[in-house]
Amino acid sequence: MESRWRMPAIFNPRRCGLALALIAAALLRFWALAQGVPFSVQVDEPEVLLRAVRMMKTSDFNPHFFDYPTLYMYLQAMVALARFLVGAMQGQWAALSQAPPEAFYVWGRAVTAAMGTATVWVVYRAGMRFGGRKALLAAGMFAVMPLHVRESHFVLTDVPMTFFVMLTLVLSLRARERGTAGAFALAGAAAGLAAGTKYTGMLALLLPLIACLVTPAIRPSRLVALFWIITAMVLAFLIVAPYTVLDLPTFLNQFARLSGEYRTPTSVGEPIWLIYLKHLRNALRWPGSLIVIAGFLLGAYRIIRGPDRGLWLLLTIFPIVYFRFISNQSIFYGRYLLPLLPFLSILGAAAVVTIVDLVRSAGVPRIARNAITIALALITIGPPAYTSIAFNASAAKVWTTELAYNWIIKELPPGTTITFETRQVLLPLTYKATYMPQLRMHPLEYYVEHGAEYLVASSAAYGPYLDTALGATQYPVEYGDYMAIFNRVQEVARFNASPEHPGPDLRIFRIVPRTGP
């Protein structure tokens, strides 16, 4: 009897789809990874990387800085060690003192990109509890999510924290299935790693706690499981952030200061929750946003009517609580939304698959059903993918900030005193660089008295006052302040933005010494 040919397991459509999602995620996150190094790194990147490099060079693992816990700093310190050894073997330096901090950025960013890519796989594993099609579509949606793609390019804590939050979700789902205290303890430990990466990660503790409360039977008991969830969370946090206890006074002082900064009233004209919703809308576009809203409605329906109320409770409660938490803080960045994105991807995928199933059950012809399925997939993945590709394509170009940086390094000797408008161009420590939000905040005499030899103006600051036809009439004071400076200095270089060179317009001025009384 002739045997029937079977497709090898490696060609399983679901596995192939997951592989494509991971490849896409990696390409989007590793593309243009060196952008802005060393002249225009992301805000807060030095706070993590420079401390990691210092730990590697000094063996002092006390960060003396507690705006962030230390898990990611320690991981970056290990990567810095590997980078130093490779550089030494290649003859790039012969001592620790010869290795400049900027040499470690790309390797450090690669770790963030790798963890961002790995999160796609974790999203898939979480989604499998809701069905294979939902898992695959959720992985695809998250792979191209613009906010996550962008932040995966930097040495910051939000992408690693999102990885550990999703790991906590997967382990919480696993613990719900197994019903043992040990399984719940693992989920609690994962929450401790999330908190040890960034303090807001402590909210991930909600996931194993909810899972424990909705699991019908737990061995040996629910109370024991709750105890081990909290204990494992605290132990994991202290293992990866030990100096919160070993240097307790410094930690408490800095944590109190940081908490106060996040509670300081803000002058922003609209509610922070609305700003965050606009960030999400810009990332998902309106079609994707509506699908995610449908996913939340589906989650609420399943929590009320079933089946699998516990699963849907885990998927919907955390993003709501987390969003509420960050919306009550006065300091806000788009990257603070990252832990929400995997949950939104799974909810959106669940909504799409449910709609397709309803269409199938309604007896819609196959051709129309396939067209609807393709259209839903395109509107959930297409616009975010386009935005992510556009970001990388722009980041890969030579920006005006790089042109200005290269000009300064080539034309001005080390030791030159330069005052910059904004922190868009960062110079090596061999230069005496200072930074101002706007040059107009002080008259030219102020810069002369403080020894400035050059001024660098950015259209990101002066643009509203000088680059518009009505600038002089709408902002006469600001316009006058700038012109009082620009008319008395010598412009030596200008770098204007163009399609080939994105970025702000940058103008470099030399302060001409006075020769007379």
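Reader: Why is Arg 257 called partly exposed?

Author: Happy to start there, keeping in mind that this is a predicted model. The relative accessibility of Arg 257 is 34%. Buried would need a value under 20% and exposed one over 50%, so Arg 257 counts as partly exposed. Glu 261 is partly exposed too, with a relative accessible area of 34%.

Reader: What makes Arg 257 and Glu 261 a salt bridge?

Author: The N to O distance between their side chains is 3.0 Å. The cut-off is within 4 Å, so the pair qualifies as a salt bridge. The two residues both belong to helix H12 (residues 248–263), and because they are four residues apart there, about one helical turn separates them. In general, an α-helix has 3.6 residues a turn, so residues three or four places apart point the same way.

Reader: How do you know that Arg 488 and Glu 445 form a salt bridge?

Author: Their closest N and O atoms are 2.6 Å apart, and the limit is 4 Å. Arg 488 sits in the loop between H21 and strand E4 (490–495), whereas Glu 445 belongs to helix H18 (residues 444–449), so this pair ties together parts that are 43 residues apart in sequence. Arg 488 is partly exposed at 44% relative accessibility, and Glu 445 is partly exposed at 37%.

Reader: What makes the pair of Arg 129 and Glu 177 a link between distant parts of the chain?

Author: First the bridge itself: the closest N and O atoms of Arg 129 and Glu 177 are 2.9 Å apart. As for position, Arg 129 is in the loop between helix H4 (105–127) and helix H5 (132–143), while Glu 177 is in helix H7 (residues 158–178), 48 residues apart. The relative accessible area of Arg 129 is 21%. Buried means under 20%, so Arg 129 is partly exposed. Across the whole structure, the search finds 17 salt bridges. There is also a network of salt bridges that links Asp 44, Asp 158, Lys 198 and Arg 335.

Reader: What places the charge of Arg 335 over a ring?

Author: Arg 335 lies over the face of Tyr 333, 4.6 Å from the ring centre, and the distance limit is within 6 Å. Likewise, the charged end of Arg 423 is 4.5 Å from the centre of the ring of Tyr 435 and sits over that ring.

Reader: How many aromatic pairs does the search find, and why is the pair of Phe 84 and Trp 93 called stacked?

Author: The whole structure gives 25 aromatic pairs. The ring centres of Phe 84 and Trp 93 are 5.9 Å apart, with the planes at 10°. Centres within 6.5 Å make a pair, and planes under 30 degrees apart count as stacked, so this pair is stacked. Phe 84 is buried at 13% relative accessibility, and Trp 93 is buried at 7%.

Reader: Which residues do ring pairs link into a cluster?

Author: The cluster consists of Tyr 462, Tyr 465, Tyr 475, Tyr 482, Phe 486 and Phe 509. Tyr 462 and Tyr 465 are also among the buried residues of H19.

Reader: Why is helix H19 described as largely enclosed?

Author: Six of the eight residues of H19 (residues 459–466) are buried, so the rest of the structure largely encloses this helix. The cover of these buried residues includes strand E1 (417–421), strand E3 (454–458), helix H20 (471–474), helix H21 (476–486) and strand E5 (506–510).

Reader: How do you know whether Ser 345 and Gln 35 are buried or exposed?

Author: Ser 345, in helix H15 (residues 340–361), has a relative accessible area of 0%. For Gln 35, in the loop between helix H1 (13–30) and helix H2 (45–58), the value is 18%. Buried means under 20%, so Ser 345 is buried, and so is Gln 35. Leaving out residues up to four places away in sequence, Ser 345 touches Ala 138, Met 141, Phe 142 and Met 145. On that basis Gln 35 touches Arg 109, His 153, Phe 154, Phe 391 and Ala 395.

Reader: What makes up the nonpolar surface patch?

Author: Ile 230, Val 234, Leu 238 and Val 245 form the patch, with an area of about 310 Å². Helix H10 (residues 222–240) gives the largest share, three residues, while Val 245 lies in helix H11 (residues 243–246). Patch residues need over 30% relative accessible area, and Val 245 has 49%.

Key: Residues numbered from 1 in each chain as written. Predicted model: local features only at pLDDT ≥ 70, side-chain atom pairs only at ≥ 80, totals over all residues. Heavy atoms only, no water. Patch = residues over 30% accessible without salt bridge, like charges linked within 9 Å, V, L, I, M, F, W, Y side chains within 5 Å. Areas by Shrake-Rupley, 256 points an atom, 1.4 Å probe, with all protein chains shown as cover. Buried < 20%, exposed > 50% of the residue type's maximum accessible area, 1.4 Å probe, protein only. Phe/Tyr/Trp six-rings, centres within 6.5 Å; stacked < 30°, edge-to-face > 60°. Lys NZ or Arg CZ within 6 Å of the ring centre and 35° of its normal. Contact = heavy atoms within 4.5 Å.
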